[in-house]
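Here is a short note to read beside the structure. Please keep the 3D view open as you go.

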Amino acid sequence: MAKKRKGNDVFQGSSGESQAQGWAGPVGNIMKDEFGLDIPTESVPLPSKGAVYQADHPLYNQETVEIRAMTAREEDILTSKALIKKGTVITELLRSCIVDKRVNPQDLLIGDRNAIMTALRITGYGASYQVEVGCPSCGEKSKQDFNLSELPINRLKSPPIADGANVFECKIDDKITIRYRYLTGADEAAITQATERKKKQGFQSDNLITTRYLNQVVAVNDITDRTKISMFVQKMPTRISRALRKHMDDNEPGIEMKARMQCPHCFEESEVGMPLGASFFWPEAD
């Protein structure tokens, strides 16, 4: 069993009322008037605190986003073969459940998307997440039961270089200052598509670190030329790479998808990454 961790307010604050204006319309009234059912909504804290969205974005400087609980309609989305093939299942799920329809899920930072996705999983199926994980000590796999409501939230610590800009600065030393951005849902989809194309062409996708930098670094000192940045990324000394990666990781907003487990084979207690397998949205029946 996973060790209990101190909870947070990430997925609390259910309003208990359907406020999904623009989503249900008359259907919402029918559900309430004819069947006595309200579709509950949740106010989900955004790890980015809305600081990376421009002034005309609906989530500009907003610390929370309103979602409604999943329904049978969302189960259709999760089982859509067409959406699974396109790799857009999560995007369409978020689009369906975010109350403010001006919000484009592809524009959201990955950390904000993960927070919403986790909240939807909790409202739909509960906080218990049973998944098989490998023990870091002995390598044996076992099924663990994690509490999603106890996952810590990593809020944005350092502000962007300008109000509403998804650009941050890391000063390595007196000679090198790097500006970078955090990836969005659209970025993640583009990287996945590019990786799949390379695989079909017979290329190995083992350049994870440089791929990340190429998609996140926007300037080195005052140089913004993509060709020059690509060369810098490929050739930068390890000390610069490690310092940049640490700075990016320490400040990145999102949900810490890690928990502690005790291995039933070697009895060692370890912290493990929580895999997001099929059971995340399709838990086993009791």
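Does Asp250 count as buried, exposed or partly exposed?

1. Asp250 counts as partly exposed, because its relative accessibility is 39%. Keep in mind that this is a predicted model.

2. Asp250 has a charged partner. Its side chain meets that of Lys246 in a salt bridge, at 2.7 Å from N to O. Both sit in helix H9, four residues apart, so about one helical turn separates them. Lys246 is exposed, because its relative accessible area is 54%.

3. The structure holds nine salt bridges. Another one joins Arg239 to Asp173, with the closest N and O atoms 3.3 Å apart. This pair links distant parts of the chain. Arg239 is in helix H9, and Asp173 is in the loop between strands S6 and S7, 66 residues apart. Arg239 counts as exposed at 53% relative accessibility, while Asp173 counts as partly exposed at 22%.

4. Now look at Glu74 and Arg68. They form a salt bridge, and the closest N and O atoms are 2.7 Å apart. Glu74 counts as buried at 0% relative accessibility. Arg68 counts as buried too, at 1%.

5. Helix H9 also meets helix H7. Their axes come within 12 Å and cross at roughly 65°. The crossing is left-handed. H7 contributes Ile209, Arg212, Tyr213 and Gln216 to the contact, and H9 contributes Ser241, Leu244, Arg245, Met248 and Asp249. These residues divide into four nonpolar, two polar and three charged.

6. Last, find Ser270 in strand S11. Ser270 counts as buried, because its relative accessibility is 10%. Among the residues it touches are Pro136, Ala259 and Met261.

Note on methods
Residues numbered from 1 in each chain as written. Predicted model: local features only at pLDDT ≥ 70, side-chain atom pairs only at ≥ 80, totals over all residues. Heavy atoms only, no water. Axes fitted to C-alpha atoms, helices over the stretch in contact; angles between N-to-C directions. Helix = DSSP H or I, 4+ residues; strand = E, 2+ residues; numbered from the N terminus. Left-handed = near helix turned anticlockwise from the far one by under 90°. Contact = heavy atoms within 4.5 Å. Nonpolar A, V, L, I, M, F, W, Y, C, P; charged D, E, K, R; others polar. Buried < 20%, exposed > 50% of the residue type's maximum accessible area, 1.4 Å probe, protein only. Salt bridge = Lys/Arg side-chain N within 4 Å of Asp/Glu carboxyl O. Lists of a residue's contacts leave out its neighbours within four places in sequence.
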